[in-house]
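Morning, everyone. One structure today, taken from the overall fold down to single residues. Please have a look at it first.

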Amino acid sequence: MALRHAVLAALLDGELSGYQLAKAFDMGVANFWHALPQQLYTELSGLERNGMIAGREVVQDARPNKRLFRVTDAGLAELENFASAAAKPSFIRDDLLVKVQAADSVSTGPLIEQLTERAEFAEAKAALFEALLRKMRDGRGEDEFLRHGERIGPYLTCRRGLEFERGNRDWCRQTAQVLRERAHASEAARVRS
């Protein structure tokens, strides 16, 4: 997947400025694709140059003018081709996992702190996803929304983000607990001898 596909998918909800797109990435798209704001602006320029999005200038009185972007038919065709192509398996690339891999040979105190921080971050992110899901449902129950909601794609990806963060939180908490217990047992054995 290229960043262009994530940008095109984010623009399916309607016209967005570069700033709004960056916020959309922070709130929803970031659970499956990370991009810095400058990368998004570069991608918007390329997509517009290639005719996959169209931009229009909006004149503002008290602020600088802004550009709003929308997906064109060519952009929809690109998304259709992308959606039809075989999906590649996902993989994990996480420095914290490398640190845990080395836990038998390094001091675990800092590692436990990092696991605790990551668990807290994941908990906060999960709470954001839960709030976003409630907002998308707009008072409807989940079953009803899943059957009749207008834009189900963002909802489903947000659910995946929620499960991902819950999994991160739980794994970090469990791993930190295991390392704490092993450190206490090791210290107790050292005191006894």
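Along the sequence, the pattern reads α-α-α-β-β-α-α-α-α-α. That is eight helices and two strands. Helices here are DSSP runs of H or I with at least four residues, strands are E runs of at least two, and both are numbered from the N terminus.

A word on the source. This is a predicted model: local features need pLDDT of at least 70, side-chain atom pairs count only at pLDDT 80 or more, and totals for chains, interfaces and linings use all residues. Residues are numbered from 1 along each chain as its sequence is written, and side-chain values use heavy atoms, with hydrogens and water left out.

Now the overall shape. The C-alpha trace spans about 75 × 45 × 40 Å along its principal axes.

How much of the chain is buried? Of the 193 residues, 30% are. Buried means under 20% relative accessible area, exposed over 50%, and partly exposed in between, with a 1.4 Å probe and protein chains only.

Next, a helix pair. Helix α1, residues 3-10, packs on helix α3, residues 37-49, at about 85 degrees, and their axes are 10 Å apart. Axes are lines fitted to C-alpha atoms, for helices over the stretch in contact, and angles run from 0 to 180 degrees between N-to-C directions. So α1 is roughly perpendicular to α3; that label covers 65 to 115 degrees, with under 35 roughly parallel, over 145 roughly antiparallel and the rest oblique.

Which residues make the contact? From α1, Leu3, Arg4, Val7 and Leu8; from α3, Gln39, Leu40, Glu43, Leu44 and Leu47. Contact means heavy atoms within 4.5 Å.

Alanine 126 sits in helix α6, residues 108-137. Alanine 126 is buried, at 2% relative accessible area. Setting aside residues up to four places away in sequence, alanine 126 touches Leu162, Glu165 and Arg166. Glycine 161 is 35 residues from alanine 126 in sequence, yet 7.7 Å away in space, C-alpha to C-alpha.

Serine 17 is buried too, with a relative accessible area of 6%. Beyond its neighbours within four places in sequence, serine 17 contacts Lys66, Arg67 and Leu68.
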